Amino acid sequence: MAKNILSTSNPILLPSSSPSSSSSSFVKPIHVCSNPIIKSTSKRELTLCKAAPHSPIVVTKRGLSISFITSFVLSLAGKKNANAAILEADDDEELLEKVKRDRKKRLEKQGVISSSKQETGYLQDLVYKLSAVGQALEKNDLSAAGSVLGGSTDADWVQRANIAFNKLSSSSEEKTEVDAFNSSLASLISSVSKKDVESSKIAFVSSATAFEKWTSMTGLAAQLKGL
């Protein structure tokens, strides 16, 4: 009988609290959410159903503290993300404004270059002069280099080149490169006059480098041949 009950109803059997003889041992079955009926020849039917208790919700100060801290951190994270989005939008707007300004300057520069055919011609002559001087220095021919350069920075081609520099230079960086070019060119003319080959070559490289930087800044590199 007990074996059949165990196999069908899965009760939890507890020993009876009353002392009984060996011939009549009784057990009290306890079932969760079931209503088994156990029949006994010597006892009346007994039904015992014990409902599983719900676990109580325990609220502690520590739990409240953790909950508050978590909510606070999440709130800060949300504000941080929002602020980051605002800053990113501001950065995008500033970048867009910078692009617009650069484009405006570039268009203005192109307009100035297009209307400066004569000045562009002066600069093209400068390119030819520097090319001829470079070829003479490669051969260590200071006489040929001197004949191209002239005796001083008062030469006509130098004056015309500076007219073009002054008209087409708009930024401080461009003007800085112009100053570097004129300084290196003066050193080049002086070194060639003194027949100093090494110093002449160094000064030539410096002047050519400054001029190439200037043409790149102003957008004239594509307008001039031989660079």
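User: What makes H4 and H6 oblique to each other?

Analyst: In this predicted model, helix H4 (residues 142-149) and H6 pack at an angle of about 135°, with their axes 9 Å apart. Angles under 35 degrees count as roughly parallel, over 145 as roughly antiparallel, 65 to 115 as roughly perpendicular and the rest as oblique, and therefore H4 and H6 are oblique. Local features need pLDDT of at least 70, side-chain atom pairs count only at pLDDT 80 or more, and totals for chains, interfaces and linings use all residues. Residues are numbered from 1 along each chain as its sequence is written, and side-chain values use heavy atoms, with hydrogens and water left out.

User: Which residues make the contact of H4 with H6?

Analyst: H4 contributes Leu 142, Ala 145, Gly 146 and Leu 149, and H6 contributes Leu 185, Leu 188, Ile 189 and Val 192; contact means heavy atoms within 4.5 Å. These residues divide into seven nonpolar, one polar and no charged. Ala, Val, Leu, Ile, Met, Phe, Trp, Tyr, Cys and Pro count as nonpolar, Asp, Glu, Lys and Arg as charged, and the others, Gly among them, as polar.

User: Why is Glu 174 called buried?

Analyst: Glu 174, found in helix H6 (residues 172-193), has a relative accessible area of 5%. Buried means under 20%, exposed over 50% and partly exposed in between, with a 1.4 Å probe and protein chains only, so Glu 174 is buried.

User: How do you know that Gln 124 counts as buried?

Analyst: Gln 124, in helix H3 (residues 117-138), has 13% relative accessibility and therefore counts as buried. Gln 124 touches Gln 223, Leu 224 and Lys 225, not counting residues up to four places away in sequence.

Methods:
Helix = DSSP H or I, 4+ residues; strand = E, 2+ residues; numbered from the N terminus. Axes fitted to C-alpha atoms, helices over the stretch in contact; angles between N-to-C directions.
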